[in-house]
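Good morning, and thank you for the time.

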Number of protein chains: 2
Amino acid sequence: MSREAAFIAALRGLATHPGARGLVDDCAVLDIGDETLVLTHDAMAEGVHFLPEQDPADVAWKLVASNLSDLAAKGAEPLGVLLGYQFGTDDARFLTGLEDVLAHYGVPLLGGDTISATGPQVLGLTALGRATHRPVPSRAGAKVGDGLWITGPVGAAMLGFEALRDGTGADSTAFSRPLALLAEGWALAPQVTAMMDVSDGLLLDASRMARAAGVTFAIDSAAVPIATPEARRAEALRWGEDYQLLFTLPDGMEPPITAHRIGTTHAAEEALVVLDGIPLTEANGLGYEHS
Amino acid sequence: MSREAAFIAALRGLATHPGARGLVDDCAVLDIGDETLVLTHDAMAEGVHFLPEQDPADVAWKLVASNLSDLAAKGAEPLGVLLGYQFGTDDARFLTGLEDVLAHYGVPLLGGDTISATGPQVLGLTALGRATHRPVPSRAGAKVGDGLWITGPVGAAMLGFEALRDGTGADSTAFSRPLALLAEGWALAPQVTAMMDVSDGLLLDASRMARAAGVTFAIDSAAVPIATPEARRAEALRWGEDYQLLFTLPDGMEPPITAHRIGTTHAAEEALVVLDGIPLTEANGLGYEHS
């Protein structure tokens, strides 16, 4: 186990509250009075999660949208966000993007902190929501026999990233201003047995969902909707940042919104994901881990 | 107005939710169901808010305690914290301090995120609490005639900092492991007209409280309890990080806990704070602003 993995495991050991379902990669869920809160916090660093040459307005958008996507996967309605902001090279552009994304989702900025520091810009965002359905969907609920579904295509963010990187002038919106599928999450929450958003790549995130439930997912790669040419299907299944919702439903149940069935839940095998009959491992094509 | 001040002002402009009382230097207050939430987020950077040579366990302690102190000033009971952690030089020591402070206050770690990045370590913490009394004390409620009170001495953190810096071996606990006065905040919340914690220096924080209410505080410096020798009284009134609670009570009312009356609320004068009859300005001895 890496030093980082050991630290995260120790943090999880500290997070003994029953609502702390999956520190670092999942939301916290907390009952208060007659409501259930859902909380998530993401940190992003310049040079790791965004590039110095990226438009700070897009950085602000993604910081907020990626956290709201975590709430979407819990069927939660956003109540507000708190921002931890380290001053950067173009704070006015950041503010513009922040205003855009908060207005787009009708989510208030509740508070936060600003700091001046040397070194790469580090940003943090906490999003707070209320559950629209209880129990709040977990990522651990998949049952043997359940269908595995996804809300839409993967690979669009990859194409957007490449357009931006190569300056082709092609549309990069899917990468620079991803959408949080809040309405889809609300519609799905009462029906799903498990749900999460696909931020790190379909196969890697599916393997996490399988591990959480102690099952294996058999995925039919041809059934996965992709935004790329067919030749790049394998990459599209491994690239992240599309923020589609991945969920399981009892076999035979149809989702209340447009979605695509891409696989089936099996009893646990050695591999967490079996793709077109081939067991995948971390060393063998699941995707990239980045913290 | 500095670039930073302009940014903060613009952020406040975005924070139009009625619960977003004072972005950056105050908590957010949010009604949900039959409860009222109190939220605060602080960011801390190595080299600015803590030094590379400081014990990471103490850094963890202060990160949590300073946020809990914000909740204390609202009379809020902590429900949990979310941590944004950038890996540093001694993560195990950080974890030890985090465990210590969470156990001390009986507060759960609910979630968070970890990142690897180059450059100085940047940390963020969000603390969530529930109001024990409503309305939640504001920092803006001081009325003309109200007494101005403080829970205990200032200057202890300054002495602790010096002990650490100079390696004298004297006790540095007041600086390295400050306490959040939660029980005091709960006892005071039903009675105070205004309350805040003193994190940036008594005179500077008192001036903020005066500005928020549109009043002037007349402070009797000799009445302020100090932890330092008498010769250093002026410094003690300006050094921060003691996390005492500063509050106002209607004239004649005694607080339910041990506290010290240090002044009186006057109608607004040109200066926000008048110390022993001398009007203070930012250029003239209020203290230091640091973001």
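I shall take the chain contact first, then the sheets, and then individual helices and strands.

This is a predicted model, in which local features need pLDDT of at least 70, side-chain atom pairs count only at pLDDT 80 or more, and totals for chains, interfaces and linings use all residues. Residues are numbered from 1 along each chain as its sequence is written, while chains are lettered from A and ligands numbered from 1 in the order in which they are written.

Let me begin with the contact between the chains. Chain A contributes 59 residues and chain B contributes 59 residues; two residues are in contact if their C-beta atoms, placed from the backbone, lie within 7 Å. On the side of chain A that touches chain B, at least two residues come from each of α1, β1 (28–32), β2 (35–45), β3 (76–86), α3 (91–105), β4 (109–115) and β5 (122–131) of chain A. Helices here are DSSP runs of H or I with at least four residues, strands are runs of E with at least two, and both are numbered from the N terminus. By class, that side of chain A holds 31 nonpolar, 19 polar and nine charged residues. Ala, Val, Leu, Ile, Met, Phe, Trp, Tyr, Cys and Pro count as nonpolar, Asp, Glu, Lys and Arg as charged, and the others, Gly among them, as polar.

How do helices pack across this contact? Two packed helices are described by the angle between their axes and the distance between the axes. Helix α1 (residues 3–14) of chain A and helix α3 (residues 91–105) of chain B have axes that come within 11 Å and cross at roughly 5°. Axes are lines fitted to C-alpha atoms, for helices over the stretch in contact, and angles run from 0 to 180 degrees between N-to-C directions. α1(A) and α3(B) are therefore roughly parallel to each other, a term for angles under 35 degrees, with over 145 roughly antiparallel, 65 to 115 roughly perpendicular and the rest oblique. A:Arg3, A:Phe7, A:Ala10 and A:Leu14 of α1(A) meet B:Asp91, B:Leu95, B:Leu98, B:Glu99 and B:Leu102 of α3(B). Six of these contact residues are nonpolar, none is polar and three are charged. An α-helix has 3.6 residues a turn, so residues three or four places apart point the same way.

For α3(A) and helix α1 (residues 3–14) of chain B, the packing angle is about 5° and the axes are 11 Å apart. The residues involved are A:Asp91, A:Leu95, A:Leu98, A:Glu99 and A:Leu102 of α3(A), with B:Arg3, B:Phe7, B:Ala10 and B:Leu14 of α1(B).

I turn to the sheets of chain A. One is an open, mixed sheet of five strands in the order β1-β2-β5-β3-β4, where strands pair if DSSP finds at least two bridges between them. Within it, β3(A) and β4(A) run parallel over six bridges, and A:Leu82 has A:Gly111 of β4(A) as its bridge partner.

The other is an open sheet of seven strands, also mixed, ordered β7-β9-β6-β10-β8-β11-β12 in chain A. Here β7 (194–197) and β12 (278–280) of chain A are the edge strands, and the twist from one strand to the next averages 25°. Strand β11 (residues 273–275) of chain A joins β12(A) in an antiparallel manner through three bridges, with A:Val273 opposite A:Leu280. Helix α7 (residues 202–213) of chain A lies across β7, β8 (215–219), β9 (245–249), β11 and β12 of chain A, at about 145° to β8(A).

In chain B, which elements are buried? In α7(B), 11 of the 12 residues are buried, so this helix is largely enclosed by the rest of the structure. A residue is buried if 20 or more other C-beta atoms lie within 10 Å of its own, exposed if 12 or fewer, and partly exposed in between, with C-beta atoms placed from the backbone. The buried residues of α7(B) pack against β7 (194–197), β8 (215–219), β9 (245–249), β11 (273–275) and β12 (278–280) of chain B. After α7(B) comes B:Gly214, with a positive phi near 70°. Helix α2(B) is mostly covered too, with 16 of its 17 residues buried.

Finally, strand β2 (residues 35–45) of chain B has 10 of its 11 residues buried, so this strand is largely enclosed by the rest of the structure. Strand β1 (residues 28–32) of chain B joins β2(B) antiparallel through five bridges. The two form a hairpin with two residues between them, and B:Gly33 in the turn has a positive phi of about 55°.
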